[in-house]
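Let's take a friendly walk through this structure, one region after another. Keep the model open beside you as you read.

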Amino acid sequence: MKVSIEVNGKKEEHDVEDRTLLVFFLRETLGLTGTNIGCDTTNCGACTVIMNGESVKSCTVLAAQADGQKVLTIEGLGTSQDDMHPMQEAFRQNHALQCGYCTPGMVMAAVSLVHDNPNITEAEVREGLEGNLCRCTGYHNIVKAVLAAAGSGGGDL
Amino acid sequence: MSILGNRVLRKEDPKFLTVGGTYVDDIGLAGALHVAYVRSTFAHARILSIDTEEARKAPGVVAVYTAADVDLGPRPPEMPMFNQAMTRSLLADDTVRFVGECVAAVVADTRARAVDAAELVQIDYDPLPAVVDVETALRDETLLFPAAGTNLAMDMTFGTDEHFMDGCEVVVRHQFLNHRVAPCPLEVRAASAEWSPEGRLTQYSSTQAPHGVKSGLAGALALDEAQVRVLSPDVGGGFGAKMGTYPEELLVAWMARRLGRPVRWVETRSESMVGLGHGRGQLQEVEIGGSRDGRILAYRLNVIQDGGAYPAIGAVLPFMTRTMLSGVYDIPKVEFNSRSVVTNTTPTVAYRGAGRPEATAAIERVLDMFAAEIGMDPAEVRRRNLIQKDAFPFTTPTGTVYDIGDYVRALDLALEAADYPALRAAQKQRRESGATKQLGIGLSVYVEITNGMPSSEFGAVEVRPDGTVVVRTGTSPHGQGHVTAWAMLVSEQLGIPIESIEVVHGDTDVVPRGVGTFGSRSLQAGGVAVNQAATAVVERARQLAADLLEANPDDVILDKVGQRFHVQGTPAAGRSWKELAAEAESQGGLTAEVDFTAPGPTFPFGAHLVVAEVDTETGLVEIKRIVAVDDAGKILNPMLAEGQVHGGLAQGVAQALLEEVRYDEDGNPVTANLADYAFVTAAELPSFERIAMETPTPVNELGAKGIGESGTIGSTPAVHNAVCDALVHLGVRHVPMPTSPQRVWRAINEATGKASA
């Protein structure tokens, strides 16, 4: 089937198999490999992207469901060291990443979380990121980064 | 001003944060085929037949392979201490020995088609009795390898002294299961292979040790090592489980050669949960004896290690457990015996701590039980038995030489930071009021071994004619931050800013030799190698500058701020790094290579204190505080070191509280995906309170010990002790790990005589 999805501000029209998941559309059809796959049960959140302003796990959305929608991936946030989104910058300043694998999904989930709740508390960050797994950081610095970014545009879309 | 010891932000991060890392599965190879493995659904069965016909006919399928096609033969265990009859075929031949073992490989033009076709492979099994637990395995009633004649893979028994506990007023015995856990790096395993027309293999692998994979591939495929290039680009975590070379990776290379086309493989998480090695799996009989005034006189640990279906690194880890058997305590008599057995489960491998968490968990938990038995505060019992700081280097009863430590101070720092007396007072109050939520305070004082078996590591530093530097390292970071840390070491010596220093790793063609990143070895092995290479480059540049300036090299100094060499006192005439590198170009470049082997391991130590709140009605545990003192010697970058501790703490808490790999009685895994496996999340953890402590080691010039695993080693028993401590006044002696609500609830109800369910 043919889908037309606006990804990072650019309209993408492609023929895909009906069963194509959004994450495979992003990674394989568009070559946007910043979005990672970490599980097959919608638990890890490594594939989190923002669709129409809401964070979604792109392994659990069909490309067909995203037809006509707007999708934002890590590549569409800040694109270089000098042009980082406040959430990306907070992750860097607070050493909120190690191996980097969960990072794109974690950042997108964090942006969405803070977008919805700019005055977020530590407990709310922890609950809010329960669906995004990280094995390296023990979450300590991720929570710190999200709280730091919350006060400085971390939820800007 | 020195850059060392500063919180320098990571050079690696902008890429990870803006476009993401480059992991193996992000790298497309032109014309590549995709492989999907067909895995055993039985724990133990004979394979009667495999019908691949339907799969071969499926759309896009290029080939289907079974053991009959693979001409690489069964391989004996890599380590000579294992029973060599316990061989493994890359694809199971006549018998499958664990759920998840590869039986067939389907190669197709797309990943989806390979997966679809894999479903069509029909395997007829004749089930055999499954050996799921280690005690059953030891009875040898069902043998995994009849040719071996036993399930015992490795025997390390030293004997038992019947009078061992003589003279002890109090003896406490208990059986602990240091249960199996899943390493769960966020990136699962992936590999891809491509052969050149000349027969040279290029393999991408998600690994902690690319040079090890290179050797593994060369050995398995009967190639000269020069015919193999291994690249490990960004690697999404390893935690010990990505050290070896797995059958799936070897087969990828073999299939690419057979088909004459590149082949790619990435597993699913559900495959990874059974295919990637597991950690721990040690059944422990623990005995501790001492006097009523709190002096420990004898300690004995007998273990049965679960090696899983094919003995690998996990089966040899009791050796590490023994090496630090008596932990931080000065105990006159110790005894240790271990037997490693095979079972019909996923093979066990190294996992963060690898043999040392098991040692710490055993002694720290039983020490609390001993304290409860004699009615003494567990902090006081520890204090009375700690090795004193003037006793180093300290030789333990098992012959290990601890380099340096100050265990009393680590304990004191943790107690002070937590305000231990206030915590005990709060606990007392809750106990007296009969509150539903009881407070537990758990302690653990630990020592561990890093760079346990020192081997050589490669480091090279080259100043290029444009004044930038390239560092090549044999370590293989996958989150640790070597790109920043090694640049800091070199910048410190050369005066060149880290922005101009490139660190290269994970390509065996560019880095000629290397061992990799595991066992908390990297800084004290690879970091020292890089540091020494930097020293050598400075000396070479000084010599060159002296020649050009017609001066005595001893009079030439490096002005790090100006990044140039000049004769002391006459800064006007000098030579910059750029000029010297250009000058050296015709003489092989301004470069130095070092292969460094440490004279011995180092022994980080620390004290963890955990405050847990236990709901006595539901059994739910909430961790309120984690105070962690971790001393890994001199710290190169506190930000990176803290990050390592944080991650370690989380994994240690996870084992104590949540995570457990479980099998049913037939050997079916019941935690084979992330919906069923209780992977720790942010919601179950508090923020950590880390207290800095630095006691430099004399073992290396950086004064550094490893910090990668300490957090895990110390925290598991601290959490476990906190949970049990919350219930001790109710008569609960012990709650097995992980301390799930059900287990806690059951322990309370059994102790208080209420009906158990």
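## Before we start

Two residues are in contact here when they have heavy atoms within 4.5 Å of each other. With that in mind, take Gly21(B): setting aside neighbours within four places in sequence, Gly21(B) is in contact with Lys15(B), Phe16(B), Asp26(B) and Asp234(B).

What you are looking at is a predicted model. For the complex, the predictor gives an ipTM of 0.98 and a pTM of 0.97. Chain B has a mean pLDDT of 97, and 100% of its residues reach 70 or more.

## A glycine in a loop

Where along chain B does Gly21(B) lie? You will find Gly21(B) in the loop between helix H1 (13-18) and strand S1 (33-39) of chain B. Its relative accessible area is 4%, so Gly21(B) is buried, the limit being under 20%.

Now look for Gly236(B). In sequence, Gly21(B) and Gly236(B) are 215 residues apart, but from C-alpha to C-alpha they are 8.7 Å apart in space.

## Where the two chains meet

How many residues does each chain bring to the contact? Chain B gives 54 residues and chain A gives 49 residues. Between them, the two chains bury about 4,200 Å², with 56% of it on carbon and sulfur atoms. On the chain B side, Leu17(B), Thr18(B) and Leu186(B) lose the most area to chain A, together 18% of what that side buries.

Let's follow Ile623(B). Beyond its neighbours within four places in sequence, Ile623(B) is in contact with Val610(B), Val611(B), Ala612(B), Val653(B), Leu657(B), Pro686(B) and Val719(B).

Keep Val381(B) in mind for the next stop.

## One side of a helix

Helix H11 of chain B spans residues 378-385, and its buried residues are Pro378(B), Ala379(B), Val381(B), Arg382(B) and Asn385(B). They are on the same side of H11(B) because they cover an arc of only 160 degrees around the axis. In an α-helix there are 3.6 residues a turn, so residues three or four places apart point the same way.

What do the buried residues of H11(B) pack against? Their partners in chain B are strand S14 (296-306), helix H10 (356-374), helix H12 (407-418), helix H13 (420-433), strand S18 (437-447) and helix H18 (710-725). At the N-terminal end, H11(B) is capped by Asp377(B), with a side-chain oxygen 2.6 Å from the backbone nitrogen of Ala379(B).

## A threonine and an arginine

Is Thr345(B) buried or exposed? With a relative accessible area of 1%, Thr345(B) is buried. Thr345(B) lies in the loop between strand S15 (333-341) and H10 of chain B, and its side chain makes a polar contact of 2.7 Å with the side chain of Thr343(B).

Arg257(B), in helix H6 (residues 247-259) of chain B, is partly exposed, with a relative accessible area of 35%. Not counting residues up to four places away in sequence, Arg257(B) touches Leu72(B), Trp195(B), Leu221(B) and Leu223(B). Arg257(B) and Trp195(B) are 62 residues apart in sequence, and their C-alpha atoms are 6.5 Å apart in space.

Conventions
Residues numbered from 1 in each chain as written. Chains lettered and ligands numbered in written order. Predicted model: local features only at pLDDT ≥ 70, side-chain atom pairs only at ≥ 80, totals over all residues. Heavy atoms only, no water. Buried < 20%, exposed > 50% of the residue type's maximum accessible area, 1.4 Å probe, protein only. Helix = DSSP H or I, 4+ residues; strand = E, 2+ residues; numbered from the N terminus. Arc of directions from axis to C-beta. Polar contact = N/O pair within 3.5 Å; in protein donor to acceptor, adjacent residues only side chain to side chain. pLDDT = per-residue confidence, 0-100. Buried area = accessible area lost by both parts, 1.4 Å probe.
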